[in-house]
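Student: Hi! I'm new to this one and would like a hand finding my way around. Could you look at it with me?

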Amino acid sequence: MYTEKVMDHFTNPRNVGEIENANGVGEVGNAKCGDIMRIYLDVEGDVIKDVKFKTFGCGAAVATSSMVTEMVKGKTLDEALEISNAAVAEALGGLPPAKMHCSNLAADALHAAIKDYHEKQEKKE
Amino acid sequence: MRRVYLDHSATTPVDPEVAALMMTYYTEKYGNPSSVHSFGREAKQALEEARRQVAELIGAEPSEVTFTSGGTEADNLAILGTAEALSKKGKHIITTAVEHHAVLETCEYLEKNGFDLTIVPVDEEGIVSVESVKKAIRPDTILITMMHANNEVGAIQPVAEIGKLAKEHGIVFHVDAVQSLGKIPIDVKTMAIDLLTISSHKIYGPKGVGALYIRKGVRVAPRIYGGGQEKKRRSGTENTPGIIGFGKACELAGQRMAEDAQRLSKLRDKLMNGIIEKIDYVKINGPLGDKRLPNNVNVSIQFVEGESLLLSLDMLGIAASSGSACTSGSLDPSHVLLAMGLVHEIAHGSLRFTLGHQNTEEDIDYVLEQLPKIVDRLRMMSPLYDQAVHAKQAQ
């Protein structure tokens with residue numbers, strides 16, 4: 001059902017955890033539908049210096065969260081905003097059709113975290 | 001790697017004795033039971049012996065057993081066949097909120113086609129009250145269709161009492177006994193059952209075979225027309241090897257039932273108690289003790305999701321199932337758990353273990369050793385677990 005890559009990211013997820021004093025945090029999904037993804041960013045200048053995640057959800061939810069953190073580390077915010085849910089799924093070698101909609105939200109969580117970062121910066125100014 | 005199969009409510013392995021007997025009817029005694037020659041006659045004889053074996057396990061007469069392609073077809077035959085036979089008498093059907101899809105979907109099909117459907121609720125243990133069925137009965141009720149024991153949480157329903165009620169009101173009573181057959185005693189006479197669905201592959205028989213018990217005198221319109229096999233109730237050349245395997249499986253189940261029930265209920269309780277002891281934030285779903293099938297364990301593990309649990313268990317060779325949305329094939333978790341009043345997030349984290357013949361104490365020990373580690377790992381990743389732990393510390 002899942003590709004080897006999905007199973008690899010599910011079994012050995014990259015960047016699990018929280019960032020203390022993260023300057024951008026994004027959360028999508030809800031417990032009712034069985035998926036919650038939270039992404040923590042440490043942004044310095046315009047670059048994502050560190051990123052971590054916490055996810056409640058199925059194998060695809062965990063794997064996409066892990067994958068997106070790997071994809072954005074060291075990228076600029078503009079580059080990160082260009083990553084789509086579909087690109088994350090593709091990087092994992094694809095997801096089962098049923099999972100494309102319900103559990104493929106990691107890029108949304110990332111974008112929410114970037115939005116949160118921008119909002120926090122504006123408040124500071 | 002150690003492999004532990006704990007999904008016997010999904011399907012069971014075929015007993016070697018059953019498989020060996022079936023093989024004879026594939027390669028040597030392969031005649032068509034409808035044929036006049038000796039090949040046909042030996043197949044026919046074995047078919048009738050199987051019918052006797054099946055009937056004996058449920059307290060029926062052999063002539064009351066109609067073989068089908070499985071439980072789903074038997075449910076369809078019972079419900080659609082009764083609806084067609086009795087549509088002039090009435091159009092109201094009663095079922096329950098925790099039925100298998102083979103019953104629920106069939107009832108909903110009838111509802112879309114001019115029948116009235118009442119779906120009776122269950123309590124928090126998944127058990128239907130006799131009183132609520134009684135209240136649902138109307139003068140035009142023609143059928144009560146419900147399960148004997150629930151496939152997800154193992155809840156055993158008060159079928160004998162509801163059977164009595166149906167009889168008093170002249171309503172046809174159909175029971176889906178796919179999960180209870182061979183696990184707890186069934187007697188169609190004392191339980192006042194008119195139609196009973198059973199399936200072979202849940203009791204160490206082959207897949208693709210089931211039966212509908214039809215009490216003598218009860219009218220059921222056929223769903224499949226053709227050569228008139230099975231007393232015109234189900235046309236099509238009989239699946240003789242499968243049916244003969246089913247017969248043998250019924251005979252073995254009858255011999256083993258009491259001992260199995262005693263042994264498996266001990267293992268069941270060991271697994272349930274072990275999970276409660278070793279993992280915090282868990283909830284047992286379904287009733288305890290005698291109201292539960294001897295081989296069923298169903299727990300919700302909070303803050304983690306069912307499919308993640310299944311994948312992690314599978315990597316360690318442990319086969320289980322879950323009622324999470326990801327495994328139900330829809331956006332909602334199990335309709336059974338929701339009907340019992342579980343909130344979505346608790347239902348998403350449900351895990352079902354169903355034990356069988358081959359399971360040993362060591363199998364249970366292995367699960368109890370591995371499961372807490374899996375839960376720890378997934379909770380480490382879960383934002384919900386943090387929140388719960390923080391909330392508890394704040395108190």
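Student: Let's just jump in. Is Glu73(B) buried or exposed?
Tutor: Glu73(B) is buried, with a relative accessible area of 15%. Keep in mind as we go that this is a predicted model.

Student: Okay! And which residue does the side chain of Glu73(B) meet in a salt bridge?
Tutor: That would be Arg234(B), and the N to O distance is 2.7 Å. Arg234(B) counts as buried too, at 16% relative accessibility.

Student: What about Glu49(B) and Arg52(B), how do their side chains meet?
Tutor: In a salt bridge, with 2.9 Å from N to O. Both residues belong to helix 2 (residues 38–58) of chain B and sit 3 residues apart, about one turn of the helix.

Student: Is Glu49(B) buried or partly exposed?
Tutor: Glu49(B) is partly exposed, with a relative accessible area of 34%. Arg52(B) is partly exposed as well, at 35%.

Student: Let's hop over to chain A. Which residue does Glu27(A) pair with?
Tutor: Glu27(A) forms a salt bridge with Arg38(A), at 2.7 Å from N to O. This pair links distant parts of the chain, with Glu27(A) in strand 1 (residues 24–30) and Arg38(A) in strand 2 (residues 35–44) of chain A, 11 residues apart.

Student: New topic: strands. How many residues of strand 3 in chain B are buried?
Tutor: 5 of the 5 residues, 92–96, are buried, so strand 3 of chain B is largely enclosed by the rest of the structure. His92(B), Ile94(B) and Thr96(B) point one way from the strand, and Ile93(B) and Thr95(B) point the other way.

Student: Which strand do 5 bridges join to strand 3 of chain B?
Tutor: Strand 4 (residues 116–120) of chain B, and the two run parallel. To get there, the chain crosses from strand 3 through helix 4 (residues 101–112) of chain B, making a right-handed β-α-β crossover. Strand 3 of chain B is also joined by 3 bridges to strand 5 (residues 141–147) of chain B, again running parallel.

Student: What are the bridge partners of Ile94(B)?
Tutor: In strand 4 of chain B, Ile94(B) is partnered with Thr118(B). In strand 5 of chain B, its partner is Ile144(B).

Student: Last one! What does UniProt place at Cys326(B)?
Tutor: An unreviewed UniProt entry places the feature "binding site" there. Cys326(B) is found in helix 9 (residues 325–328) of chain B, and counts as partly exposed at 23% relative accessibility.

Student: And which residues does Cys326(B) touch?
Tutor: Leaving out residues up to four places away in sequence, Cys326(B) touches Cys58(A), Lys99(A), Glu305(B) and Glu307(B).

How values were computed: Residues are numbered from 1 along each chain as its sequence is written. Chains are lettered from A and ligands numbered from 1 in the order in which they are written. This is a predicted model: local features need pLDDT of at least 70, side-chain atom pairs count only at pLDDT 80 or more; totals for chains, interfaces and linings use all residues. Side-chain values use heavy atoms; hydrogens and water are left out. UniProt positions are given in the numbering used here, feature names are shortened, and annotations may be inferred rather than shown by experiment. Helices (H or I, at least four residues) and strands (E, at least two) are DSSP runs, numbered from the N terminus. Buried means under 20% relative accessible area, exposed over 50%, partly exposed in between (1.4 Å probe, protein chains only). Contact means heavy atoms within 4.5 Å. A salt bridge is a side-chain nitrogen of Lys or Arg within 4 Å of a carboxyl oxygen of Asp or Glu. Two strands pair if DSSP finds at least two bridges between them. A crossover is right-handed if, with the strands pointing away from the viewer, the path from the first strand over the helix to the second runs clockwise.
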